Structure formats: C-alpha cells, structure tokens
Amino acid sequence: MNTVEVTTTAGIVRGVRRPGSTAFLGIPYAAPPVGELRFAAPVPHPAWSGVRDAGSPGATPQRIDGGDSTLVPEPSFPGESTLNLSVFTPDPAPAPAGAGLPVLVYIHGGGYTSGSAASPWYDGANFNRHGVVTVNVSYRLGFDGFGWIEDAPLNRGVLDWLLALAWVRDNIQVFGGDPARVTIAGQSAGGGAVLTLLTMPRAQPLFARAIVISGVATYLVPDQAERTGRRLAALAGVAPTRAGLGALTENQILAEQPRATAFAAGTPAGPLGEIANALVAGLPFGPVVDGDLVPLATVDAVRAGIGAAKPLMLGSTDHEFNFAIADLTDELAGEDAAEVLGRLGVAAPSARAYAAAHDRLGTAELLGQFASDRAIRGVMLRVAEARAEAATTDAAPSWLWAFAWRSPTLGGALHCLDLPFFFDALDAPRVAALAGPAPSQRLADEVHGAAVSFINDGDPGWPAWTPRAWTTEPGDLDAQPVRRFDDAPAPVDINADATGTGTGTGTGTGTTTVAATYADARLAFGS
C-alpha cells in the first residue's frame, strides 16, 4: 500500500495514495463526545504521539445504517471518536501561503438524525481530478446533536460544524488546500446545515462560498426543542439534565427518539402523517434559532443581509418527494386533493389554488409534488428571492438551478438523484438502483463541472440573479434565471413564459426562468 504522512496541528496522520488522489480518512477534529463531553460543546482533539492511521473510515455518529433501504449508501462504523473528517487531496504536499488549491467541505444529509460522511458517493477523487481538495464532515446526530437538555448547550451539532471548519482553516494548507478558498456544500439536511452556517455571524470567517443542494430551512425555536427534550426524558424516566440523560445508553436514546417526536393526536397515519408533520412542524431535530449562535430563521436572516457577502449556488430536484407516497395512489384515487391538503394543515386558499393548478395530477402525485415544493423547492426559491430583495450593490451574486432529469428506475427527478452527478460518481455502488444502468455522463459533466467552476472561480457558468434594487421591471422575480439540468441536448429558452412553454421548446440543460421551473414552489407558499 502506497502511504503518505502529513503533520496536522494535533499530530501526524497517514493516508493512502490512489490514482490522482490521496485519502486521509477519519481524522478526529474533536475529542470523542463521551463521558463529560457527551452533551457538551465540542473541544479540539488532544494531540497524539506517533503516527495515526487514516487509511480506513472513522467511527460514525450514525450507529445503525439503513442497508439497502436508503437512497444513498450510508455505512456505519463503530467507535467513540465520531467527530472526525476525511480529506481527499490531489497533492498532499503543503501549499505556500495564498497558493493552495480550492477546498470543498461537504456536510451530509439524513434529516439531522441519520446519514454518514463515509458514503462512497462522497469520495472526493473526482473533485481532486479537477484540482479541488475535498473534506467530508461527521457531526452529532439526533438528540445527541440537537436535543434540548436543561443544563447543556443547544445546537451541539452546529458547534460541531464550526469546530470542523476551524480545523479546516488551521490544517488544510498542509494537505495542499487554501484556507481562504473554502466552499461549504451539503444536501438535504446537509443543505440546511449550509444555510444555517451561511446565516450565522460566527461562521462567516470560516468559508468563502456556499452550495445548497435541496436544503431545508432552519426555524425550530427553543420552546419546540424544549418540549421534545422534556418529552424524551419523561418517556425514558430520567431528569432532563446531562446527568439524567447521560445515564442512558445511545441505543436507549435512539429508541426513545421516535416516541418523543411522534405525530400529534389526530394527525393522519402513515405517509400522509409524515407529510403533515414535515409541512406543519418541520424536522423534529435540527438547528434551533436561539437568538445567539443561530440568530434568526433562515429566510429572515437572509433578508437581514447575513451571509450576503458570500456567493451562493443553490437548487433542487423537480420531484423531491413525489415517490414517497406513490404507494397511496390507489388509496387516494377519487379523493379531493384540496380537501386532503386541508387535512394536512394547508390553508384552504392555498390548497384550492395548488389543486386547481395541478388538476392533471392524481391526488397522491399532487400531494407528493406539494411536499416537494413546500419543504424543499420553495425554500430554495425563497432564499434566492430574499437575497435578491435584500441585496445591495456590493452583495455577492446568487445562482439557482433545477435538476430535471428523471430516474429511469424510480421515476421523476427525485431527492438525492443529483448527488452522483454532483460528485461525478456514476460508477459508485448502488447508483444504478437510483439512476439506472446507463446514467448520462454528459449530464454529470455539466452538473459536476458547474460545481467545480463555482468552487474555483465563484461562477458556475450561467447568469446570476439580478438584485431587485437594480431593476424596476414588473415581475422581475419570475424572469430571474435558472439553470435547468436535463439529459437532452436541446437548450431551454430563457424567454419561456410562465407556463414554461413560450418559445422554449427544448428539454435539455440550459438557462430558463423561475416562471418556467419554480412557479409551483411559489404557489405552494400561497403566493
């Protein structure tokens, strides 16, 4: 095995050379979160003597993986030192100050309760091939990372992200990277992590740019977190304190999490209940708007101008969660879609307007599309619009995309489908189950290439949004540019009208408009 050693601030690590890439896996950036540190803010990992092997994955905060049931392969590895990261670099030689390679720091998804930075889909080899150093970050999940405890800090998982980014700032240069050229990126809950960091004053010095892939908004407040924390402690029969909860094993807390976050009485059961909970209550665990570390909810923080100096690239798939309730097609056949949306907590005017605009869809498909538009696509649009509305002449630009390519195996441009294209990892394990046996390499070149361009130069290659202050044209938000990624070579016309037809007859990758791609997402919010 061809190995190489690098000296970090805590000690020497030994990685493994591969063709065009060297991998350093499971480097601890924080002390193991056990004992007195279990529910504490993370602290830097103590220095070690000798050489620490970094040739295999580190322990994962996710203790039980989903096997073949998850869309992304997310393996779990045992051990106490779960706060670790992996570095993939094209050249592990130290970089001269100001002359290092750009850096991508990736935060995985999983609803803040699951997921693994060790997924083979997140291997940085193909970013390395284009001169980008890549770092994958582990962080505390579920109650351990985000649960309310009477005498413990809130947002422990957020503090993990901050310490990991501080580690990158202090160490990435010895791996060939430039700490001044860090782009943070994440998908789903990882995209929510990026939105949280983007709108946190304390995080601003730690990165230069941001990429949000199907991100979720941050808006949990302390009262919500406290109710869940007290309920979990009561169900477990312990005090809601570090001592009380610390007496529980990890498995005991994992067993109580579903009960503590169960749907309210009267909520529809099964997949409908999951949709209702997501639309009304949001994710039960995640960053909490505490007015300090996380000062404001995502969209409010963007409107306040926090993070406006950071170039931002964000987008979603066209049919994020449509597949989630496909099994209800027969059960919901003949049901009035507007009435079902109302039962899920959607205001009647919004429910009627959305149902009328989608009368061509069956009720189950309509509900799936509404969940996609409300929980993910609408968040991406609202963040982009808030940045355009709040931007001053010196604000950084924003770019929005829509991933429209449909899975030939599961149907639709579903949640997570864009990840192997983003990482250019079409040959990774289990990609064929999601993307079929022959996914488009041309499309991967376009999606991955846009990310590389943004990480390198701060421009993904299509027009940025125009701040509202710079134009007085009516309806200018509907005309803002969107990159549409699809597999057909025909370009999309930016002059397409609000129905998406107009003069834009192509279906391939090209620049189109909000009106032609995100109109449903705006409609899902009643505007």
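Residues are numbered from 1 along each chain as its sequence is written. Because the model is predicted, local features need pLDDT of at least 70 and side-chain atom pairs count only at pLDDT 80 or more, while totals for chains, interfaces and linings use all residues; side-chain values use heavy atoms, with hydrogens and water left out.

**Stop 1: α3 and α4**

Select residues 156-171, helix α3, and residues 189-198, helix α4. Helices (H or I, at least four residues) are DSSP runs numbered from the N terminus. The two axes come within 11 Å and cross at roughly 75°; axes are lines fitted to C-alpha atoms over the stretch in contact, and angles run from 0 to 180 degrees between N-to-C directions. That makes α3 roughly perpendicular to α4, a word used for angles of 65 to 115 degrees.

Now show the side chains. Trp 161, Leu 162 and Leu 165 of α3 make the contact with Ala 193, Thr 196 and Leu 197 of α4, where contact means heavy atoms within 4.5 Å. By class, these residues are five nonpolar, one polar and no charged. Ala, Val, Leu, Ile, Met, Phe, Trp, Tyr, Cys and Pro count as nonpolar, Asp, Glu, Lys and Arg as charged, and the others, Gly among them, as polar.

**Stop 2: α5 and α7**

Next select residues 222-236 for α5 and residues 250-260 for α7. Here the axes come within 9 Å, crossing at roughly 120°.

On the α5 side, pick Thr 228, Arg 231, Leu 232, Leu 235 and Ala 236; they meet Ile 253, Glu 256, Gln 257, Arg 259 and Ala 260 in α7. This contact has five nonpolar, two polar and three charged residues.

**Stop 3: the cavities**

The count is four cavities of 30 Å³ or more. A cavity is a set of points on a 1 Å grid, over the protein atoms alone, where a 1.4 Å probe fits but cannot get out; lining residues have an atom within 4 Å of a point. A volume is the space filled by probe spheres set on the points.

For the largest cavity, about 70 Å³, select Ile 213, Met 313, Trp 401, Phe 403, Asp 418, Phe 422, Val 447 and Phe 485. Seven of this lining are nonpolar, none polar and one charged.

The second largest cavity holds about 60 Å³. Its lining includes Val 302, Ile 306, Arg 387 and Ala 396, and divides into seven nonpolar, two polar and one charged.

How values were computed. Helices (H or I, at least four residues) and strands (E, at least two) are DSSP runs, numbered from the N terminus. On a 1 Å grid over the protein atoms alone, a cavity is a set of points where a 1.4 Å probe fits but cannot get out, and a pocket is an open set with protein on both sides within 12 Å along at least five of seven lines; lining residues have an atom within 4 Å of a point. Angles under 35 degrees count as roughly parallel, over 145 as roughly antiparallel, 65 to 115 as roughly perpendicular and the rest as oblique.
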